[in-house]
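Welcome, and thanks for taking a look at this one. Please have the fold open beside you as you read.

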Amino acid sequence: QADILVIGNHQRRALRRLRLGSMSHPVLRSATVPVLIIPTTGTHEDARLPEIRSVLLATDLSACARPAVRHAYGLVKPTRGVVHVCYVHERNQPLDAIVEGRGSEQQLTPERRDELEGALRALVPKEAAEAGIISRFHVVEAVHVAEAVCQVARRLGVDALCLGSHGRTGLTGKILGSVAQQLMSHADQPVYVVRGATE
């Protein structure tokens, strides 16, 4: 009956994960509640309770990513919280990805950027502004989505990441499936993964 599942993550890479296994990946696939994945640093933890003042909400604007929006705003404190809403526009995508419908041929023109920023603004819950939560919007162009999200998170100095996921791999969404797994392995901040509706 829990509202959230919290687990630690050693951030093991490729070969070490094959040899030692990973609990976070099967948990993410099977959990029916949002999962908060905390990277373990191996150093002495601060005794104070952490306070989440800023969150980077990574979204591909799909229906599956939408449930993560309210969770991102729920993580920060009213009147002092900041939610950075981020969309990564993939560039230099392989031709086969575009042909198979896994990519977009649209260029990130100024008009397209304005359109995407408008879509990000439309995601903000009405209660967020009323609660004094600040929203900032970022449209980033990059080759690799997960890498770009990690870079934006470091640059902004956010306390946590939030994104939606189907909880399984082999998906076509940019901020879903394998990208969520990459963020779990590489992000410096806790990663809050919210299962979306299956499309």
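Leu61 is found in the loop between β3 and α3 (67-75); helices (H or I, at least four residues) and strands (E, at least two) are DSSP runs, numbered from the N terminus. The model is predicted, so local features need pLDDT of at least 70 and side-chain atom pairs count only at pLDDT 80 or more, while totals for chains, interfaces and linings use all residues. Residues are numbered from 1 along each chain as its sequence is written, and side-chain values use heavy atoms, with hydrogens and water left out.

Leu61 has a positive phi, near 65°, though it is a residue other than glycine. Its relative accessible area is 22%, which makes it partly exposed (buried means under 20% relative accessible area, exposed over 50%, partly exposed in between, with a 1.4 Å probe and protein chains only). Thr79, in the loop between α3 and β4, is not a glycine either, and its phi is positive at about 70°. Thr79 counts as exposed, with 62% relative accessibility. For context, most residues other than glycine have a negative phi.

## The sheet

What is the order of the strands in the open sheet? The seven strands run β1-β2-β7-β6-β3-β4-β5, with mixed pairing; two strands pair if DSSP finds at least two bridges between them. β1 (5-9) and β5 (134-142) stand at the edges with a single partner strand each, so one side of each has no neighbour in the sheet. From one strand to the next, the twist averages 25° (axes are lines fitted to C-alpha atoms, for helices over the stretch in contact, and angles run from 0 to 180 degrees between N-to-C directions).

Strands β3 (residues 54-58) and β4 (residues 82-90) run parallel and are joined by five bridges. Val55 stands opposite Val83 in β4. Helix α8 (residues 178-186) packs on the sheet and touches β1, β2 (35-39), β6 (160-165) and β7 (191-195); contact means heavy atoms within 4.5 Å. The direction of α8 makes about 160° with that of β6.

## Helix α7

Buried residues of α7 include Val145, Ala148, Val149 and Val152. Their cover includes β3, β4, β5, β6 and α8. Just after α7, Gly157 takes a positive phi of about 65°.

## The chain as a whole

The protein chain holds eight helices and seven strands, and buried residues make up 44% of its 199 residues.
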